[in-house]
Each structure stands twice: as C-alpha cells, then as structure tokens.
Amino acid sequence: MLRLQDVSLMRGVRTLYSHATLLANPGERIGLVGNNGCGKSSLIGAILGEVPIESGTISAPELGRIGYVAQDIEVVDQVAIDWVLSGHEPLMAARRALSEAKDDMALAAAHAQLAELNEGAILAQAKIILHGLGFTEEATTHSVKSFSGGWRNRLALARALMCPAELLLLDEPTNHLDLDSVIWLEAWLKRQRATTIIISHDREFLDRIVSTIWSIEDGTIRRYSGNYSAFEMLRIERLKQIESAAKAYERQSAHLQSYIDRFRYKATKARQAQSRIKMLEKLQAVEPVRAAREWRFEFLKPERLPEHLVDAEEVALGYGDKRVLSHVSFSIRAGERIGVLGVNGAGKSTLVKGICQELKPQAGEFRFGQGLQIGYFAQHQLEQLRDDETPLQHLRRKAPEEREQVLRDFLGRFKFSGDMATSPVRPFSGGEKARLALALLAWDKPNLLVLDEPTNHLDMQTREALTMALSSFEGSVLIVSHDRHLLAATTERLMLVHEGIVSEFDGDLDDYAKLVLETRKASLSAEKAKSSAPAENTLNKKEARQQAAQQRQRLANLRKPLQKELTQVEKKLHPLSDELKALDAKLADPDFYNNGNPDEVAAALKRRGEAAAQVEALESRWLELSEAIENIR
C-alpha cells in the first residue's frame, strides 16, 4: 500500500505541490498526469526516498518490494538475461547465500530456498518479458553495453518488471517501445497484482491500463476515478465551473472597485468604502484559477492537391548488399490517411525513406505525382537543427525575403514567441525541438505529410494539438507511430510491414493488437518447442508463416464486407443521434409549446418519432454486425 499524508514538495525555491493526501489501494493502477515540469518524476523520486519532501509523510513498501526503472541506466559488461534477472532480489539473495555457504547445513538451506523460489520458473518469466519487449533468444545472450540507448531502456524496463513488487513505478515506459511491445506491455500490466503508478503521455495506453488518475494541478494532487478519458471529461466540467466562478468574480470585483473609487474619499461614505475594500481583498484571496486555454496549431492548406501522389511498383529497398523490403507495391492518393504498422526493425523507416527519396530503390520504381510536396518528419531531423541558431533564424533560411513580423507570428502559433523565438536551440528540450521541426515542415505547405514517430518527445498537450492539426489537414498523411490514439484519430487505412513485405492490413488497431499477442504467444511456444524437440521435428518456419498469413487473409476477406457495412451504418447513425438529441432538448423546453407554432410542434413530434425508429433500427443492425465481426475474429 502507498499513502501520502499532507505531502509538500519543492524544487529549489518553487513549490511543486502542497498538502497532498492520497491513498493507493493494493492492485490499483494509477496514471500520474500533469504539465511538463509540474513534479511527476519528483514524486516518484520522493516515494523512492531519493527526493526529500518539505513536509508530510509517505508510507510505501520497502525498497526491495518496489519495481522501478532507474533514471541513469548502468552500462555493465554483463549478459542481458543475467542483468534482467538481477532485478529479482529474492533470487539474487538466494544465489548469494548459495555461493557464500560455508557448511552443509547452509548449503542445504540455500538449495531449499532456490527450490522454493522455483529458479527455473523465474528464468522462464525473464525470457517471456524480454521476448515481449522485442528481444530475440540470441539477443538475450549479448552484453548490456552492446545495445543502443533505446534497447538499454527496454532492458531496464524488463529488469523492473522482474521485481516481485508490491509497488511498480513506471516513468514513461512506452517511450522507447514500438507498437507491438506497447501492446504486449499493456497485456502484461493488466495481469499484475502490484499497485502501479504510471507516468505517460500516451493517452491510449493510460485509457487501457489505469482505473485512477492522480493529476498535479492547482498546487496540489487531485484524485479522479476512471481512466484518462474519464478524467479529461471530469476535469473539463470542473474547469467550466471554475471559469463560471471566475466570471462571477470579475463582475463582483468590478462592482466593488467602482464603489471604492467613487466613495473612498467622501467622509459620509468612508466607512462603507473601507468595508468594501476588505470584501475585495477577501475576494482576491480566493480568486478562482482560470482555465488554461488549450493550445492548437494547424498545417497550412497545400497550394496544390494533385490526385496521384506516390505509386510504388515492385520496389525493393535496402542498404548496400542487404535487402530489407521486396516486391513493394502500393499507391497514395489525394486525401488518403495511412498508418504504417510493424515491429522495430521490420523496415517501416526504410519504407518512409524510400517514399521521401532519401533511399534509392534497389529494384522497381517509385512514380511521384506532378506537384507533389512532401513534408517529412523524422527523429534524425531534430539532430540536424543548428544548435547555435534561433527558431527565427531557422525559419528565415526558408523565407529570406519575408517580413520578420510574419515569421514571428507564424512561430508564435507553435509556442515560439517573444524571447523564445530568438533564443538558441541548444538548450531546448526534445519536445521543443520536435515542435520547431513541425513548424519548419508546416511552413512549406506540403500536400503529403510523412511522419516517422512524431510523438516521441511530445507531452500530452502537444500530442493532442498534433492530432487535431492532422485531423483537419486537407492533404494526405502517412504516419509511423506507436501512439494508438494518434493513429486511430488521424488514419483510415493501415499498411503492415512484416518479414520484408508491405501489405494492406484489413482490420483496425484492435485487430492488430490481437494479432500481436497471438503472434508473440505462438512465437514463444515455437521457441520452447525448438529448445525441447529434436531439430528434425521442428516446424518449417516459412511454411508456418505462410499458413498464418493465409489464415489472416481468409479472416480479413470474411470481415471486409461486414466492416464496410458497419462503417456505413455508423455514418448514418451519428447525425441521426445528434438530431434526436436536439429534438429531445427542444421538446423538453416548455417555451417551445407555449410560444411556438402548433404546426412546428406537431412537425417536431412527428420527426422525433421517425428519427427514434431509424436510430433503433440502425443500432440493432450495428450490434448484429459487430457481433458477426467479433465472431470471425
């Protein structure tokens, strides 16, 4: 159990929050949210005893029963599987006892302890976790220091998950994962019994995992029941009430101030004026916190919108003698919104580089439409920003003849205003650099946006702003991302990169999640069978993959007409439901009957009956289709 009692925490001279009193129940999964710099990671540090608190108390399990990912990952010359196993402290203690045993009795006790822990089961669990996070059997035998930074982060996460924890603290656990690993982690966490606190900017991940939100706001930490979407709705309602109270405050304070200004120096009214001064001071002391306006930006309307943008015909892509993708054929047309799925290393970025003409085909050809203007965002472009230059200088290079005020106004839409526009890029955070890269991209008015993991450094607010901007963009979009909320909200067509092939994925993201979990499970079973059975009895992998692909295609063909009809039903149902709500609101208003035209009332009642019948019929068909699609899955 975790309990915070009247906790106050400061960073330097700034108070992050005070008088925070919260209780995390056993097994509860909590999302810790708040603006960047509000103190989310500091709270994790305080729970671990690494960050001192100003006042109050934190009651938490002992350190050995807390699973967490250390901020600084130790680069050790140790085999990956052994380093991950070191996260299981009881196993390490039993192994130490065995190595330090001085007599037969101590030796027997150590062996008994290892048997009770079931060392074999713990090793199997470590392999399952590493496999789920994308490591092959061979990779688990490599040294920790041989892995890149992103893969070391995965190892650190695996080590934290190995801890037999009562409390699990995860700070941005999905940052270095691909979508397949995020889906696996989500399923893993749902099966855990530990109380879990998660900091994440991935709202879809939070929606699927947590049942409680702790929000750092207004100088304290508030608790909300439900997942992130439920929290968002509750917070919007609360902010509406605050905004209403703020307007009432403004009216009342303006009235009081007017009275004070008129009568402060008149002897006959001096006492009343002094009374109102005190009232105003009291009112100011409890002035409501105004709701912060949500930030939004937009991609400018493309100057041209050609129908044919990109055609690939039997394209092969790779590097040197290594071929990554073969027989790639697809088209991108005006207005299409495409999400690209696949594990890390499958070739998603290779495909993107081919489309953006950064990589020449080894075979086949790309045909690009006349007037095509690609806006390409990738992580390496953040490294290409000039550290000694300002956002204004970066944009000035794109538009040397444009007036400075126009450039400043444009940068201001991306939160680079005032001194920020004229400050060197060097100290900018990853999120600020990503925002600048998006601004530079938007200036060019592309008609095809190609975005390779655009959300990696973005906070929740900027991710939501990007989602809104992409939703209203008039051109075409191709996105590689592990952020399912972004993919679901901005794409209508999915492509799967798998084992050197690019194919249409005829399903939605839930279908893909099921496929990932089934594939991981089958792959793990195959590895177990391979290690325990003679080589000649193992399945032909190529044949097994072909059978699996044929089965997926067969199911997709069965689902396709049903899914198409379901989409049509939804398109009809949404406006009818909105119309029905509007009619109900109108008919519930007494003034509509008292002051309205009798013919208009009769027409509204008639239309309400027609709309209700249509909605009922469509909802019934929607349920039938959904059940049929689910049965096929």
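These legends accompany close-up views of one predicted model.

The model is predicted, with local features requiring pLDDT of at least 70 and side-chain atom pairs counting only at pLDDT 80 or more, while totals for chains, interfaces and linings use all residues. Residues are numbered from 1 along each chain as its sequence is written, and side-chain values use heavy atoms, with hydrogens and water left out.

View 1. Buried means under 20% relative accessible area, with a 1.4 Å probe and protein chains only, and helices are DSSP runs of H or I, at least four residues, numbered from the N terminus. The buried residues of α1 are Lys-40, Ser-42, Leu-43, Ile-44, Gly-45, Ala-46 and Ile-47. Just after α1, Gly-49 adopts a positive phi of about 85°.

**View 2. The largest cavity.** The whole structure contains 2 cavities of 30 Å³ or more, a cavity being a set of points on a 1 Å grid over the protein atoms alone where a 1.4 Å probe fits but cannot get out, with lining residues having an atom within 4 Å of a point. The largest cavity holds about 50 Å³ of space, the volume being that filled by probe spheres set on the points, which are joined across faces, edges and corners. Its lining consists of His-201, Arg-203, Met-460, Arg-463, Glu-464, Thr-467, Asp-483, His-485 and Leu-486. Helices α16 (460-472) and α17 (484-490) each supply at least two of the lining residues, and the largest share, 4 residues, comes from α16.

**View 3. The second largest cavity.** A volume of about 40 Å³ is found for the second largest cavity, which is lined by Asp-178, Leu-179, Val-340, Leu-341, Gly-342, Lys-348, Glu-453, Val-480, Ser-481 and His-482.

**View 4. The largest nonpolar core around Leu-470.** The largest nonpolar core has 50 residues, and those with the most contacts inside it are Phe-299, Leu-341, Leu-470 and Tyr-512; helix α15 (residues 430-443) gives the most to this core, with 9 residues. Such a core is a set of buried Ala, Val, Leu, Ile, Met, Phe, Trp, Tyr and Cys residues joined through side-chain atoms within 4.5 Å. Not counting residues up to four places away in sequence, Leu-470 touches Phe-299, Arg-337, Leu-449, Leu-451, Val-477, Ile-479, Leu-486 and Thr-490, contact meaning heavy atoms within 4.5 Å.

Terms used:
1 Å grid on protein atoms, 1.4 Å probe; cavity = no way out; pocket = protein on both sides within 12 Å on 5 of 7 lines; lining within 4 Å.
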